[in-house]
Amino acid sequence: MDYLNALQGMSLEQIRSVIEIMQQSSDSYMFILDLTSDTYMVAEKATKRFPFPSIVIENCTEILKKVVYPADYEMLAADMEKCRSGEKDSHALEYRWLDRMGRVVWISCRGTVVAGAEGHRLLIGTVTEMGKKAKADNITGLRREVRFRLNMEATLRDDPGSVRYLMRIGIDNFKEINEKEGVEAGDEVLRELAECITKTVDESVDVYRLVADEFMVVDIGKGGEKEPRAIYRQIQKTIAATAKSKEYSRFYTVSAGVLEGGFSGRTVEEIMRFTEFALNEAKRNGRNQMAVFDRAAYDVYLEKLDIRKALRQDVSHDFRGFEVYYQPIVSAADYKLVGAEALLRWKNEKFGTVSPAVFIPILEESGLIIPVGQYVLWEAAKVCRKWKEYIPGFHINVNLSYVQLYKSDMMRDVERCIQEVGLDPESLVLELTESGYIETNDRIKELFRDLKSRKIDLALDDFGTGYSNMRYLKEIDAKTVKIDRSFVMQALRDEYDYNIISHIIDMVHSLGSVVCMEGIEEKEELAKMIATKPDMIQGYYFGKPSPAEQFEKQFLAATDSP
Ligand code: C2E
Ligand code: MG
Ligand code: MG
């Protein structure tokens, strides 16, 4: 072959310059390895990223030991030996290198053995970083995330002020399309959307495809004039028009997260996180919309993550910082104590006392409510058994999250608890929030039946908030309806609402259930609301939630003990 002859006549210096020239048009690293003299020549670019001391290396075996991931070295050496001995004429291996920071980089190395001058055998080939391979996307024809990151890195380093905005676009129901219509349909949507985005933005604006169903629009002030909101609206319109022209055979929507300004000093990682957060905000707000990155909201989100971490640590340290408080529930007939609601409290070294309105949802989202819920149940069951010595008919109300209902074996937990504590089931009331059990499936219904057959009562909590529905009363067969404080407040201000509460209470009675009215703080409030005929009352007027010891002292030790 001619090029071999040419090579034979070339000096090392000349071969090197050929490598460098060819290298300019490639993302791979070219190399020539003289197998006979153990000399390695590699593109300059490779020496910057990997620990090669120079571009010509005489004691190649020694140096490769530093560049090649130790566990892969033997495999490579064996293959090289075959090339040297003439057993093989080509080399193709995927293995690992270590970069200058010692990080593992997967590479694909391919080469051909050719005869060099004086009988030397030369291996000529390229090394490609596998992670960089997917720089362009064959489905959408757009450049991919790797390229976006590289370009962004350069922009942030050289001219961060030039960035006008970044817009991250995601398809709202992409998974559904893939699952229902197949991957080809998914690809078609990606292609369609890519085309729609590219046509909508100004020519100078860059569009990349990120992972899966996301795109990144980057305007780095090369003359683009359109504002992100206008672009987003136009994309929405085009998608809708396409769906219409195809007679709605396929329908999808997109959400977008926009980052504007403040690019100086930022890293690509941060920018990815910020745009992801903005996009998720748009999705959380109901999808099919655009959200602009909001630093304050992001900080709240980060704090939430911190709180979750602290909660997890405290749970695993035997419920450190958690405590159960008890609030009295009195009979509306004579204001005598009939029971208490167990209310969880949490105090943390870093966050201080955190409101249940903040930490309960985090416990629910993270699933931590399952162990914590058990903790509350056991604590509450134990004090209740004790307090029944003061008031035999005393009952304890424990809040139950829908996560516990759906994701844990509630019946087994409750059974075990009351048995081991020695509490009679009639003393336990489980409070369910209304919004939580909208989907009452068969398993949940069975659980309600089981509880009922074990004489454990259910209470419908927060009645009057969210989607009040008398149907739930029937569905969960609740013994008690707890009217929420916000509803009571409304009734105190507004006669119409007052009448509604009054009628609801009548209705609950006619269904054979009882009403506990929550949130009575003042004497006047009590006087007015008592006329609506609730059965029980819970509110600051009768007592705020307090630790077990204090509750016992204040409300029980004063009554006639047995
Ligand atoms: P909830 O179950 O409706 O509990 C009643 C809430 O109203 C309690 O708030 C109580 O302190 C408050 N409250 C009672 N009377 C008055 C009053 O007169 N005025 C005012 N302003 N507030 C009154 P808290 O303790 O902050 O709990 C908030 C919510 O957190 C509870 O609402 C419940 O949904 C949830 N929660 C508390 N502990 C637990 C628990 O152990 N498990 C679960 N899953 N949720 C819990
Ligand atoms: Mg409650
Ligand atoms: Mg309530």
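Author: Start with the layout. The chain is split into domain 1 (2–132), domain 2 (136–293) and domain 3 (327–556), with bounds that come from an automatic or database domain assignment. The centres of domain 1 and domain 3, taken over C-alpha atoms, are 73 Å apart.

This is a predicted model, in which local features need pLDDT of at least 70, side-chain atom pairs count only at pLDDT 80 or more, and totals for chains, interfaces and linings use all residues. Residues are numbered from 1 along each chain as its sequence is written, chains are lettered from A and ligands numbered from 1 in the order in which they are written, and side-chain values use heavy atoms, with hydrogens and water left out.

Now the metal site. Take the magnesium ion (ligand 2). Its protein donors are Glu341 (OE), Asn399 (OD1), Glu431 (OE) and Asp461 (OD), at 2.0 to 2.2 Å. Donors are N, O and S atoms within 2.8 Å of the metal (3.2 Å for Na, K and Ca); water is not among the atoms, so sites may look incomplete. Along the chain, the donors of this ion are spaced E-x57-N-x31-E-x29-D. Glu341 sits in strand E14 (residues 337–348) and Glu431 in strand E17 (residues 428–433), so this pair ties together parts 90 residues apart in sequence. Strands (E, at least two residues) and helices (H or I, at least four) are DSSP runs, numbered from the N terminus. Glu341 and Glu431 are both buried. Buried means under 20% relative accessible area, exposed means over 50%, and partly exposed lies in between (1.4 Å probe, protein chains only).

Next, the magnesium ion (ligand 3). Asp461 (OD) and Glu518 (OE) coordinate it at 2.1 Å. Asp461 belongs to strand E18 (residues 457–463) and Glu518 to strand E20 (residues 514–518), so they join parts 57 residues apart in sequence. Asp461 bridges the magnesium ion (ligand 2) and the magnesium ion (ligand 3), which lie 3.9 Å apart. Asp461 has 5% relative accessibility, so it counts as buried. Glu518 has 12%, so it is buried too.

A pair of rings is described by the distance of the centres and the angle of the planes. Rings of Phe, Tyr and Trp (its six-membered ring) pair if their centres lie within 6.5 Å; planes under 30 degrees apart count as stacked, over 60 as edge-to-face and the rest as tilted. The structure holds 27 aromatic pairs. In one of them, the rings of Phe277 and Tyr301 have centres 5.1 Å apart and planes at 45°, so the pair is tilted. Phe277 is in helix H10 (residues 268–284) and Tyr301 in helix H11, 24 residues apart. Phe277 is buried, at 5% relative accessibility. Tyr301 is partly exposed, at 34%. Trp346 and Phe359 make an edge-to-face pair: 6.0 Å between centres, 65° between planes. Here Trp346 is in strand E14 and Phe359 in helix H12 (residues 356–366). Both are buried.

Last, back to Tyr301. With Leu302 and Leu305, Tyr301 makes a nonpolar surface patch of about 220 Å². Leu305 lies in helix H11 (residues 295–316) and is partly exposed, at 34%. Patch residues have over 30% relative accessible area and no salt bridge; like charges are joined within 9 Å, nonpolar side chains (Val, Leu, Ile, Met, Phe, Trp, Tyr) within 5 Å. A salt bridge is a side-chain nitrogen of Lys or Arg within 4 Å of a carboxyl oxygen of Asp or Glu. Accessible areas come from the Shrake-Rupley method with a 1.4 Å probe; for residues, only the protein chains shown count as cover.
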